[in-house]
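Have the viewer open as you read.

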Amino acid sequence: MQILLDTHILLWALADDPALSQKARALLIDDRNRLWVSAVSIWEISIKHALGRGDMPLSGNDALGYCRSAGYRWLDIRPEHAAAVENLPLIHADPFDRLLVAQALTEPMKLLTHDAMLARYHPDILLV
């Protein structure tokens, strides 16, 4: 299965955070799954870290290094992803999350998230 990681899932996986559910852990360690990280997540991490509010423990550069070490695959932002955002219902206002949903649906991939609002977009969004 092709799985795109939501930013929170990515951060929890990199930190081995207890907030990461057993279901999510099982999907992440299953060798049959290909795990993808979007440039959107690195962008989100970089912006929130630069704001210095304390709620982003990693810089974008740190996240890049950890993702590379973990062997995650990279998903670039393509024009088709950006255009697909306009077709999404206004369930969620966060631009990072909306672009992740658009990418997952366009590719297609399963989006792995803990955000119940995101799961409302499509059955291929995996709520863990």
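Helix H2 (residues 22-29) has Ala 24, Leu 27 and Leu 28 buried, where buried means under 20% relative accessible area, exposed over 50% and partly exposed in between, with a 1.4 Å probe and protein chains only. They sit on the same side of H2 because they cover an arc of only 100 degrees around the axis, taken from the directions from the helix axis to the C-beta atoms. Helices here (H or I, at least four residues) and strands (E, at least two) are DSSP runs numbered from the N terminus.

This is a predicted model, with local features needing pLDDT of at least 70, side-chain atom pairs counting only at pLDDT 80 or more, and totals for chains, interfaces and linings using all residues. Residues are numbered from 1 along each chain as its sequence is written, and side-chain values use heavy atoms, leaving out hydrogens and water.

Here are the buried residues of both helices:

| Helix | Buried residues |
|---|---|
| H2 (residues 22-29) | Ala 24, Leu 27, Leu 28 |
| H6 | Phe 96, Asp 97, Arg 98, Leu 99, Leu 100, Val 101, Ala 102, Gln 103, Ala 104 |

H6 is mostly covered, with nine of its twelve residues buried.

As for the largest pocket, His 8, Trp 12, Asp 17 and Tyr 66 are among its lining residues, meaning those with an atom within 4 Å of a point; a pocket is an open set on a 1 Å grid over the protein atoms alone, where a 1.4 Å probe fits, with protein on both sides within 12 Å along at least five of seven lines. H1 gives the largest share of that lining, five residues.
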